[in-house]
Amino acid sequence: MRLLMVALGGIDQRTSVGISSHAILEGFKAIGVDCDVMAIGKAGLEITKAVSHHMPPPKVTHKRLKEIIKHVFLYDSAYRFTFDLHGAEQAIKITESMGEYDCLLSVSDPVASHILAKKLLQKGIIKPCRWIQHWGDPLAIDVARRFVYPKWLVRHFERQILKKADKVIYVTPLTAIAQKEHFTSWANKIAFVPLPYDKPRIYEKPPLNAHFTVAYLGSYNGRYRDIWPLYQAAELCGECRFNLIGNGNVTIKNTDNVSVVPRISFEETFEYEASADLLVVVCNRLGTQIPGKIYYYAATNKPILVILDGPYASEIISFFGTRFDYCRNIKEDIAKAIEKIRETPVLRQPESAFRCEEIARKILEA
């Protein structure tokens, strides 16, 4: 099989979408799929394993202006490439000698990946083939995204993107269910496939730390993810040490047993992961999305505590099963769960269902 993967977010493993796109690509390689990748790299638009053409990526340097563009133009700062006719012409130049594909896979974020894939097909840049859309987050019901447009208009734009796809994949079961309810006429082409990890990360059982170490590695925007109960639970777990790594709009400070660190590089996260006795995921209190960290941590043999919030706690437990430990997002419950794990330390096994080759097969079979 020959497949073109449109991933404008890149596959360089420095962002969450890059990490998952890289793992998907590794899965395709593992099962023998001949895969080309179209992405915006450092030099511009690039295609690996095929003809390359460099197009300078859109640049928006001012942080506030970038946010305005993201909200006003719906999709993301890459919209300039996908909506600009010049961008389509550049795509023609770099794809005209690539031959035929059996499958086209567009991966978001950014949503612009799907827009570009649509143009490739509409303009005959690639010959008709099966088109699979892979959505890390939905559009209209994305809790992390705010629009100046009314929701019905955002939903209209989303419908225009979805309608030509042969299959639409979401990475959380709750989002897939919600989208089937919103787009009832296309329910049969909407599917759920988990995010993959590229390879297991096996840690030898560390020597007993002077203090049991808990690590949270992720953002904490208070509008949809409540970090306060975890922060407050540290007061009840005086013998534990907490590393809270990431950016947020909530002010939390270092304490005797809590270290608060701004967002760090992807490479540095491995150090905190390796030194942790327990990895923590805090679920969103709004919406149907599940933090991608739950899939990423599943590659390790560390215990993982999933802190449940919002209305879908029972559904999350039902899907993820016994590989994870769970508690409610209440400081007393969190402290109790941490103490229980601390008192009975057990190394787990990576979740085989999320291996990249398994997920690659599910994407193609969806």
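Me: Hi! Is Q289 buried or exposed?
Reply: Q289 is buried, because its relative accessible area is 10%. Buried means under 20% relative accessible area, exposed over 50% and partly exposed in between, with a 1.4 Å probe and protein chains only.

Me: Before we go on, what kind of model is this?
Reply: This is a predicted model, where local features need pLDDT of at least 70, side-chain atom pairs count only at pLDDT 80 or more, and totals for chains, interfaces and linings use all residues. Residues are numbered from 1 along each chain as its sequence is written, and side-chain values use heavy atoms, with hydrogens and water left out.

Me: Thanks! Where is Q289 placed?
Reply: Q289 lies in the loop between β11 and α10 (293–297). Helices (H or I, at least four residues) and strands (E, at least two) are DSSP runs, numbered from the N terminus.

Me: And which side chains make polar contacts with Q289?
Reply: The side chain of D137 does, at 2.7 Å, and so does the side chain of D142, at 2.9 Å. A polar contact is a pair of N or O atoms within 3.5 Å; within protein, one must be able to donate a hydrogen and the other to accept it, and residues adjacent in sequence count only if both atoms are side-chain atoms.

Me: What else does Q289 touch?
Reply: Leaving aside residues up to four places away in sequence, the residues touched by Q289 include P138, I141, V143 and T172. Contact here means heavy atoms within 4.5 Å.

Me: New topic: how far apart are the end C-alpha atoms of α12?
Reply: They are 18 Å apart. Helix α12 (residues 331–343) has 13 residues, so at 1.5 Å a residue it should span 18 Å, which agrees. The expected span is 1.5 Å times one less than the number of residues.

Me: Which residues of α12 are buried?
Reply: Among them are D333, I334, A337 and I341. The cover over the buried residues of α12 includes β8 (212–217), α8 (228–236) and β9 (240–245).

Me: What about A30, buried or exposed?
Reply: A30 is exposed, with a relative accessible area of 52%. A30 sits in helix α1 (residues 16–30), and its C-alpha atom is 10.0 Å from that of R361, 331 residues apart along the chain.

Me: Last one: what is the average pLDDT?
Reply: The protein chain averages 83, and 81% of the residues score at least 70. pLDDT is the predictor's confidence in each residue, from 0 to 100. Over residues 50–73 pLDDT stays under 50, and likewise over residues 75–85.
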